[in-house]
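Open the model in a viewer and keep the selection panel at hand. The stops below go from one selection to the next.

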Amino acid sequence: MSEPPQALFVSYSAVLGGAERILLDRAAALSGPAAVACPSGPLANAARVAGLATVPLSRRRPELRGSARDRAAAPLRLAALAAEVRRAIRELEPRCVIGSSMRGALVAAAALAGTRSAPPLVFCHNDFVPSPGVRAAVRVAAGRAARIVALSHATAVDLDPTGRLGVKVIHPGVDLDRFEPAPLPQGPPRVLVLGAIVAWKRPDLAIEVAELAARRLPGLSVQLAGEPFGAGGRELARSLERRAAAKDVAALRGGVEDVPGALAAATCLLHCADREPFGVAIAEALAAGRPVVAPAAGGPLELVDASCGALYWPGDAAAAAEALVGVVGRAGELAPAARARAERLFDGRASGRRFRELVDALT
């Protein structure tokens, strides 16, 4: 780079999931140049396409949960990654370091602990803490951060119930121009489930909801759009495909590159994760003028209200099916309100400006 970056983003992840897309959006919003330290893969590729400098990290995953052997080896993996990030900090001399998600923050905090005249750390907290042991480690890293940014009030309270850490909530935004609303599709209702095929997203529940709702919505079609994540996701996808084929009410369509187009072809979005930290797909659906049916927990509680969709008790297929039938019946009324809510609360430019101001104040 011709000049030291304003920020060095640190990610343990090589994939291009929701948290990584938020990272790229926030890097693009900064007033100065940014670099991304991450393992090679889709995230690094996307960062380079976006014009960001990249620092390759080894694929030593700092596991925070799993077997006893995984947990015992985690400190060594963290230390190895931290050493790589420390070298990058010395070479690039960034004006601040931004740890993306819990593991990124743990690595960044460990790297800065061994750095003279360390730049300030920003911790971007993107998930729920999985266990008390992890909470203790993450709170130590958070205590070293100059600023902590959570993507929802739900994740902020989960990390810091007492408010002592001073977590700031900045909801991720959506490119409102890219998700310009289209007229609702004609004919039988088309429901979209958008997200990676992974167990915690509850695609199994989506198929159960489809089975129940189809009894009251003739011609209903439900499409699960997303790539399987890891070996477990691939096995889950095969199981879901067999079940969907047997019931003939849902279909898996794989990954979707044209998300605005997929939403334009849908009547509404169905979201099934019992414990969603935020829900970028929900914000995108609202921006596209599509009502949403989602669990009444976590991030969706901050995104969806009665003006733009319906909430149901997490994991309750019957309640979700009832909510889906109601939303489909009122889709024409709810669609404009969905777009209005996105414009008011999830404008990507406003979200980027808030993050840029936070970083500018430190650098």
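This is a predicted model: local features need pLDDT of at least 70, side-chain atom pairs count only at pLDDT 80 or more; totals for chains, interfaces and linings use all residues.

**An aromatic pair**

Residues are numbered from 1 along each chain as its sequence is written, and side-chain values use heavy atoms, with hydrogens and water left out.

The structure holds one aromatic pair (Phe, Tyr or Trp rings, the six-membered one for Trp, with centres within 6.5 Å). F278 and F346 form this pair, edge-to-face at 6.0 Å centre to centre and 75° between the planes; planes over 60 degrees apart count as edge-to-face, under 30 as stacked and the rest as tilted. F278 is in the loop between β11 (268-270) and α10 (280-287), and F346 in the loop between α13 (331-345) and α14 (348-362), so the pair ties together parts 68 residues apart in sequence. Helices (H or I, at least four residues) and strands (E, at least two) are DSSP runs, numbered from the N terminus.

**The sheet**

Next, show the strands as cartoon. Seven of them form an open, parallel sheet in the order β3-β2-β1-β4-β5-β6-β7; two strands pair if DSSP finds at least two bridges between them. β3 (53-57) and β7 (168-169) are the edge strands, each pairing on one side only.

Zoom in on β4 (residues 97-100). Three bridges join β1 (residues 7-10) to β4, and four join β4 to β5 (residues 121-125). V97 is the bridge partner of L8 and stands opposite L121 in β5; S100 has C124 as its bridge partner in β5. Which way do the β4 residues point? V97 and G99 point one way, I98 and S100 the other, and all are buried.

**The cores**

Now select L8 and F123. They have the most contacts inside the largest nonpolar core, of 35 residues; such a core is a set of buried Ala, Val, Leu, Ile, Met, Phe, Trp, Tyr and Cys residues joined through side-chain atoms within 4.5 Å. Helix α4 (residues 101-113) gives the most to this core, with eight residues. Apart from it lies another core, of 34 residues, including L236 and C272.

Leaving aside neighbours within four places in sequence, L8 is in contact (heavy atoms within 4.5 Å) with residues including V36, V55, L92 and I98.

Technical notes. Buried means under 20% relative accessible area, exposed over 50%, partly exposed in between (1.4 Å probe, protein chains only).
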